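Here is a short report on one chain, from its overall fold down to single side chains. Keep the model in view while reading.

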Amino acid sequence: MPIMCEGLRKFGTDATSCSLLSYKFGFRADINMHWDDLTKEESSKKRDDSYNHFIQPYDIFHFHFSRIDIMPSKAVRVMKKKGKKIVIQHRRSEVRKLSVARKMNNPYVQVKKY
């Protein structure tokens with residue numbers, strides 16, 4: 001995500017990358033939350049406190065993860081109420097399993113051949 005935002009900025013787009021969890025490969029986002037370093041209670045409070053701060057200035061949210069549990073429904077409801085657009089992009093292996101893809105009833109689902 002940081003590399004994507006850097007490229008978008010080169011084309012004049014106001015883009016900011018935000019990592020909710022720590023990057024295991026040492027990538028640095030523009031904003032690093034490190035919610036995985038907090039206790040469950042601390043993480044929950046920090047999320048609640050950050051919604052308005054991070055949601056207000058942006059129009060489109062593009063998430064790259066499969067762990068939707070770290071972005072609770074409260075944040076999605078706040079974004080929806082404020083008219084924000086949300087894109088969630090999965091790149092993990094669970095969306096490449098044929099057994100899972102067939103259950104989606106989506107004619108555009110593709111499964112990589114290994």
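Helices are DSSP runs of type H or I with at least four residues, and they are numbered from the N terminus. Val76 lies in one of these, helix 3, which covers residues 73–81. The model is a predicted one.

## Overall layout

The chain has 4 helices and 4 strands. Read from the N terminus, the order of elements is α-β-β-α-β-α-β-α. The chain holds 114 residues, and 21% of them count as buried. Take the contacts between residues at least 6 apart in sequence: 38% of them join residues at least 24 apart.

## The salt bridge

How many salt bridges does a search of the whole structure find? The search finds 1. The partners are Asp30 and Arg9, whose side chains meet at 2.9 Å, N to O. Arg9 belongs to helix 1 (residues 2–10), while Asp30 sits in the loop between strand 1 (18–19) and strand 2 (31–32), so the pair ties together parts that are 21 residues apart in sequence. Asp30 is partly exposed, at 41% relative accessible area. Arg9 is also partly exposed, at 36%.

Asp30 has another contact to note, with Ser17. Ser17 is found in the loop between helix 1 and strand 1. At 1% relative accessibility, Ser17 counts as buried. Beyond its sequence neighbours up to four places away, Ser17 touches Met1, Pro2, Cys5, Ala29, Asp30 and Ile31.

## A lysine without a salt bridge

Lys84 is in the loop between helix 3 and strand 4 (85–89). Side chains of opposite charge can pair when their charged atoms come close. Lys84 is buried yet has no salt bridge. Which side chain of opposite charge is nearest to Lys84, and how far away is it? That side chain is Asp59, 4.0 Å away.

Backbone oxygens are within reach of the Lys84 side chain. The oxygen of Gln56 lies 3.1 Å from a polar atom of that side chain. The oxygen of Ile55 is reached at 3.5 Å. Leaving out residues up to four places away in sequence, Lys84 touches Ile55, Gln56, Tyr58, Asp59, Phe61 and Met79.

Ser43 lies in helix 2, residues 40–55. Is this serine buried or exposed? Ser43 counts as buried because its relative accessibility is 5%, and the cut-off for buried is under 20%. Setting aside neighbours within four places in sequence, Ser43 is in contact with Trp35 and Leu38. The C-alpha atoms of Ser43 and Met33 are 9.5 Å apart, and the two residues are separated by 10 residues along the chain.

## A nonpolar surface patch

Back to Val76. This residue is partly exposed, with 32% relative accessible area. Patch members need over 30%, so Val76, at 32%, clears that cut-off. Val76 forms a nonpolar patch on the surface together with Ile86 and Ile88. The three have about 190 Å² of accessible area together.

## Accessibility side by side

The table lists relative accessible areas for residues discussed above.

| Residue | Relative accessible area | Class |
|---|---|---|
| Ser17 | 1% | buried |
| Ser43 | 5% | buried |
| Val76 | 32% | partly exposed |
| Arg9 | 36% | partly exposed |
| Asp30 | 41% | partly exposed |

Methods
Residues are numbered from 1 along each chain as its sequence is written. This is a predicted model: local features need pLDDT of at least 70, side-chain atom pairs count only at pLDDT 80 or more; totals for chains, interfaces and linings use all residues. Side-chain values use heavy atoms; hydrogens and water are left out. Patches are made of residues with over 30% relative accessible area and no salt bridge: like charges are joined within 9 Å, nonpolar side chains (Val, Leu, Ile, Met, Phe, Trp, Tyr) within 5 Å. Accessible areas come from the Shrake-Rupley method with a 1.4 Å probe; for residues, only the protein chains shown count as cover. Helices (H or I, at least four residues) and strands (E, at least two) are DSSP runs, numbered from the N terminus. Buried means under 20% relative accessible area, exposed over 50%, partly exposed in between (1.4 Å probe, protein chains only). Lys and Arg count as positive and Asp and Glu as negative; His and the chain ends are not counted. A polar contact is a pair of N or O atoms within 3.5 Å; within protein, one must be able to donate a hydrogen and the other to accept it, and residues adjacent in sequence count only if both atoms are side-chain atoms. Contact means heavy atoms within 4.5 Å.
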